[in-house]
Amino acid sequence: MAVGSRMRRNRLSTVSYPSPLAHRPQVPPQPVAPAPVSPPVLPMPARAGRSVPVWAYAVLAVLLVALAAYILTFLGVVAPVVGMVLALLPLTGVLLAVRIADRWEPEPTGLVVFALAWGAVAAVVIALAVDIGLGFLVPDDGSAARAAFSSVIQAPLVEEFAKGLGVFIVFAAARRTFDGPVDGIVYGALVGAGFAFTENILYFSTSLIEGGVAETTFTFFLRGILSPFAHVMFTAVTGYVLGRVARRGTPTRAAVGPWIGGMLGAAVLHALWNGSAVFADFFALYATLQVPLFAGFVGGFIALRREEARLTRERLGEYAAAGWFSPMEVDVLATPAGRRRALQWAAGLPGDRRRIMRGFIAEATSLAAARQRALTGRDPAAAADEQVFLTRAVAARAALLAPAS
C-alpha cells in the first residue's frame, strides 16, 4: 500500500502546473474585453455668486434653537405639534404651486432651502423680538387703538421688513441666479411660505390652548384654506421689485432704495388684508377685493413667465443661427408645448430617456440665461458660463441621441 501511494505521488509530480489554482486550458483563450471608457468630465459653472455664505445657515440654526425654546416655553409640547401638523397642509399646497411656477428655470436647491428657512425662522424671530421689545416700551393697554396699531401698522411693516431682508440676502449673495422678476417672485414666495408656516403653528397652537377644537377649526379655515397664499403674495412684491432691479444690472448698493420701496408695497397689501378684518367685513372684502387681487397676481405671473420664455427663445435662436441648434430644437427647448412633446418623445426612447431630456432642457435654459446676462453686461463671468452650459447642453443632446447599448 505504501509503494502504491509512492507511485501515485510520482505520477502526479510529473504534471506541471503554473500554480496550485491553475487548470489545463480546454479551449483557446478569449481576448480580454477592453475597459469601458469613462464619460468626459463635464465642466461646472463657478459657485461664486450662486449661493449664500455658510455662516448664514449657521445663523439660522442658532435662531431655530431660540425659536424652538420660545415655543416650547410658552406653548408646551402637544399644542405646537398639533399646530405643526395642521400648518404642513397649507404649506404643502403652497410649495407645490411654487414648484409648478418655478418649472421654467428651477432655482438652486440650496437657495430654495435658505429662502424657506429664512421665512420660517429668521423672519419670525425678528418679528417676535420687535413685538416683545415694543411690549416693554409701550405696554399693551388692551385698547382697540392699540390692537389696530399692532395689526394694521406694526405687523405689516415689521414682518415685511423681516421677510424682505431674506429676499435681499439672496439677491445680494446669489446675483448670478437672480435673473429677473420671475426669480424674485419665486424667492419672495418661498420666504413668505416659510413665514406663514411658523406663524400658523403659533396661531393654531394658541387657538387649541385657548378655544379648543372649535376655535382651532375656525382658525384653520381662515388661515389654511382661505388665505394660504397671503404672505406669499405680500413678499412676492418685494421679490418682483428686486427682480426688475436684477434684470437691469443695478449694483447691490443702488438696489437698496428699490428694495425698500418693494417692502413698502408689500406692507400696504399686508395692511389692507389685516385692516379688512379690523375695520370692515372680512368675508365681504375677501370676495370683492382679495380674490380679484390674487387673480391679478396669478395673471401677472403668467405674463412674466411668457416673457421669460420669449427671452429663452431669442437667445437660443442666436445659437441656432450659429449652427449649434436646429430651429426645431429651439422650439422644443423654449416653448412649453415643445417641452411637453419632447418629454413624450424621450419616454419612447430605449430606457426611457425623459431624465436626460429634462437635463438637456435645463442646460439649454441656463445657457440662454447666461447669454442674457452677458448681453446686459451685468455679470463679468457670464461669458464663461455660456461656454460651460453650451458644453453641457451638447453633451446632454449626445447622450439623448446615443444608440442603445
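The second largest cavity is lined by A87, P90, L91, V94, A193, A196, F197, N200, R223 and P228. A cavity here is a set of points, on a 1 Å grid over the protein atoms alone, where a 1.4 Å probe fits but cannot get out, and lining residues have an atom within 4 Å of a point. About 60 Å³ of space lies in this second largest cavity, a volume being the space filled by probe spheres set on the grid points, which are joined across faces, edges and corners. Its lining divides into eight nonpolar residues, one polar and one charged. In this count Ala, Val, Leu, Ile, Met, Phe, Trp, Tyr, Cys and Pro are nonpolar, Asp, Glu, Lys and Arg are charged, and the others, Gly among them, are polar. Helices α3 (78-101) and α6 (181-226) each supply at least two residues of this lining, and α6 gives the most, with five residues.

This is a predicted model, in which local features need pLDDT of at least 70 and side-chain atom pairs count only at pLDDT 80 or more, while totals for chains, interfaces and linings use all residues. Residues are numbered from 1 along each chain as its sequence is written, and side-chain values use heavy atoms, with hydrogens and water left out.

The protein chain has 13 helices and zero strands. Helices (H or I, at least four residues) and strands (E, at least two) are DSSP runs, numbered from the N terminus. Of the 405 residues of the protein chain, 42% count as buried; buried means under 20% relative accessible area, exposed over 50%, and partly exposed in between, with a 1.4 Å probe and protein chains only. Contact means heavy atoms within 4.5 Å. Among contacts in the protein chain between residues at least 6 apart in sequence, 79% join residues at least 24 apart.

Empty space comes next. Rolling a probe the size of a water molecule over the atoms shows where such space is left. A search of the whole structure finds three cavities of 30 Å³ or more. The largest cavity holds about 140 Å³ of space. It is lined by 14 residues, of which E308, L311, A368, A369 and Q372 lie nearest its centre. The elements that give two or more residues to this lining are α9 (282-321) and α12, with α12 providing the largest share, six residues. Seven of the lining residues of the largest cavity are charged, four are polar and three are nonpolar.

A pocket is an open set of points with protein on both sides within 12 Å along at least five of seven lines. The second largest pocket contains about 1,400 Å³ of space. Of the 42 residues that line this pocket, A155, E159, E199, Y203 and R223 are the closest to its centre. Two or more lining residues come from each of α2 (54-75), α4 (109-137), α5 (144-173), α6, α7 (230-248) and α8 (256-278). Again α6 gives the most, with 14 residues. The lining of the second largest pocket comprises 22 nonpolar, twelve polar and eight charged residues.

Toward the end of the helix list is α11 (residues 336-347), which has twelve residues and reaches 17 Å from its first C-alpha to its last, close to the 16 Å expected at 1.5 Å a residue. The expected span is 1.5 Å times one less than the number of residues. The buried residues of α11 are G338, R339, A342 and A346. They cover an arc of only 100 degrees around the axis, which puts them on the same side of α11; the arc is that of the directions from the helix axis to the C-beta atoms. On the other side of α11, R340, R341 and Q344 are exposed. The cover over the buried residues of α11 includes α10 (327-334), α12 (354-376) and α13 (382-401).

The loop between α11 and α12 holds D352. Most residues other than glycine have a negative phi. D352 has a positive phi of about 55 degrees although it is not a glycine. D352 is partly exposed, with a relative accessible area of 34%.

A370 is buried, with a relative accessible area of 0%. Leaving aside its neighbours within four places in sequence, A370 is in contact with A382, D385, E386 and F389. A370 and T177 are 193 residues apart in sequence and 9.4 Å apart in space, C-alpha to C-alpha.
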